[in-house]
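Subject: Structure for your review

Dear colleague,

Please find below the structure that I am handing over to you. My findings follow it.

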Amino acid sequence: MTGSATDNQEKTVMALTGHYHFRGMRYRIWRTLADGTRGELVYLQDGYADPKFQQYSIDDSVAPIDGGKLVLKPGEGLEWECTWENDSDQTFPVRPGHGKE
């Protein structure tokens with residue numbers, strides 16, 4: 001999302017939301033660190049409802065998952081996962097990869 005770490009770009013995230021249909025059970029978004037590992041959870045929607053529109057503030061004292069400041073450092077991105085349920089009540093995570101493309 002910010003490009004390679006050598007591009008030296010920071011991005012301030014103002015808001016995030018998700019989208020899934022009636023079988024959706026959980027939608028999560030994590031920070032992806034510059035080394036490709038998954039960082040902290042920054043968005044969570046549990047249960048079937050219209051996923052929330054999560055706004056982020058400029059408050060450094062509040063964690064991003066709670067609406068605090070969310071700044072992606074050079075080389076970082078976002079990774080999402082949607083968990084859904086099929087007809088046999090099994091759950092499946094859908095992971096498209098990280099958001100550094």
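In this predicted model, the side chains of E76 and R31 are joined by a polar contact of 2.9 Å (a pair of N or O atoms within 3.5 Å; within protein, one must be able to donate a hydrogen and the other to accept it, and residues adjacent in sequence count only if both are side-chain atoms). E76 lies in the loop between β6 (71-72) and β7 (77-85), strands being DSSP runs of E of at least two residues, numbered from the N terminus. With a relative accessible area of 9%, E76 is buried (under 20%, 1.4 Å probe, protein chains only).

Residues are numbered from 1 along each chain as its sequence is written. Local features need pLDDT of at least 70 and side-chain atom pairs 80 or more, while totals for chains, interfaces and linings use all residues; side-chain values use heavy atoms, without hydrogens and water.

The strands β3 (24-32) and β4 (38-46) run antiparallel and are joined by six bridges (pairing requires at least two DSSP bridges). They form a hairpin with five residues between them, and G36 in the turn has a positive phi of about 90 degrees. Y27 stands opposite Q45 in β4.

As to confidence, the protein chain has an average pLDDT (the predictor's confidence in each residue, from 0 to 100) of 81, and 77% of the residues score at least 70. Strand β8 (residues 91-94) is lowest, at a mean of 52, and strand β5 (residues 54-55) is highest, at 96. Where pLDDT is low, the predicted coordinates should not be read in detail.

Yours sincerely

How values were computed
Helix = DSSP H or I, 4+ residues; strand = E, 2+ residues; numbered from the N terminus. Buried < 20%, exposed > 50% of the residue type's maximum accessible area, 1.4 Å probe, protein only.
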